Amino acid sequence: MLMDLMTREGENLTGTHWTVYPRPQMKRESYLNLNGQWDFASVAGAAMLPVDYDRTILVPFCPESRLSGIGAHFPEGQPLYYRRKFTLSEGFNRGRVLLHIGAADQVADVFVNGKEAGHHEGGYEAFSFDITDFLKEGENALEVICQDDLNNQSYPYGKQVLPEKRGGMWYTPVSGIWQTVWLESV
């Protein structure tokens with residue numbers, strides 16, 4: 001039997017979290033934190049856009065976390081779709097705009113305004129893409145498709161195990177975006 005535990009801090013969680021610059025030793029003034037409510041969907045089949053976003057998720061919590069607002073594990077390999085709209089303030093772009101994702105399991109494809117901005121494999125490391133050429137005036141749309149499959153042993157998975165085999169030293173899987181997402185101009 002799984003226990004549904006919640007800390008006092010978790011019960012009182014509101015708003016956007018971890019809004020401080022994630023790398024204080026390299027802080028820049030042009031910083032936009034994208035944590036918070038994102039559109040979310042999970043659809044069986046090939047990872048393709050567009051998709052009908054039918055719920056929201058609180059980033060940077062993984063969908064398996066109660067704090068994400070989802071609290072469920074999706075079938076292995078089933079794509080997880082994220083969308084966040086944003087507008088850059090006047091003067092934000094001082095050269096090149098970088099998108100940073102602290103971590104996303106295991107494979108992530110990133111699109112900005114419908115154009116592919118990058119592909120990343122590996123769930124434990126931060127990655128970034130230069131998205132300057134994909135940005136437009138006004139509102140922009142960032143979409144991330146994540147795929148995680150614990151049956152695929154070619155990626156590290158730590159002590160994660162499928163939910164039905166959980167116990168002992170093995171813990172609930174983590175999929176999708178699970179670390180801070182932000183933009184900065186360099």
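Accessible areas here come from the Shrake-Rupley method with a 1.4 Å probe.

**Figure 1. Overall view of the predicted model.** The accessible surface of the protein comes to about 10,100 Å². Carbon and sulfur atoms hold 50% of that surface. The chain has 186 residues, and 45% of them are buried. One helix and 12 strands make up the element count.

**Figure 2. Confidence along the chain.** The protein has a mean pLDDT of 86. A value of 70 or more is reached by 85% of its residues. Helix α1, residues 8–11, has the lowest confidence, with a mean of 77. Strand β9, residues 127–130, has the highest, at 98. Where pLDDT is low, the predicted coordinates should not be read in detail.

Figure 3. Asn-140 sits in strand β10, which spans residues 139–147. Its relative accessible area is 2%, so Asn-140 is buried; the cut-off for buried is under 20%. The side chain of Asn-140 makes a polar contact of 2.7 Å with the side chain of Asn-113. A polar atom of the Asn-140 side chain also lies 2.9 Å from the backbone nitrogen of Lys-136. Beyond neighbours within four places in sequence, Asn-140 is in contact with Arg-84, Lys-85, Phe-86, Asn-113, Phe-134 and Leu-135.

**Figure 4. Asn-113, the side-chain partner of Asn-140.** Asn-113 lies in the loop between β7 (107–112) and β8 (115–121). Its phi is positive, about 55 degrees, although Asn-113 is not a glycine. Relative accessibility is 22%, so Asn-113 counts as partly exposed. The side chains of Asn-113 and Asn-140 are joined at 2.7 Å.

**Figure 5. The cis peptide bond at Pro-50.** Leu-49 and Pro-50 are joined by a cis peptide bond. Omega is about 0 degrees there. Pro-50 belongs to the loop between β2 (36–42) and β3 (55–59).

**Figure 6. The cis peptide bond at Pro-60.** This cis bond links Val-59 to Pro-60. Its omega is about 25 degrees. Pro-60 is placed in the loop between β3 and β4 (80–87).

Definitions and conventions:
Residues are numbered from 1 along each chain as its sequence is written. This is a predicted model: local features need pLDDT of at least 70, side-chain atom pairs count only at pLDDT 80 or more; totals for chains, interfaces and linings use all residues. Side-chain values use heavy atoms; hydrogens and water are left out. pLDDT is the predictor's confidence in each residue, from 0 to 100. Helices (H or I, at least four residues) and strands (E, at least two) are DSSP runs, numbered from the N terminus. Buried means under 20% relative accessible area, exposed over 50%, partly exposed in between (1.4 Å probe, protein chains only). A polar contact is a pair of N or O atoms within 3.5 Å; within protein, one must be able to donate a hydrogen and the other to accept it, and residues adjacent in sequence count only if both atoms are side-chain atoms. Contact means heavy atoms within 4.5 Å.
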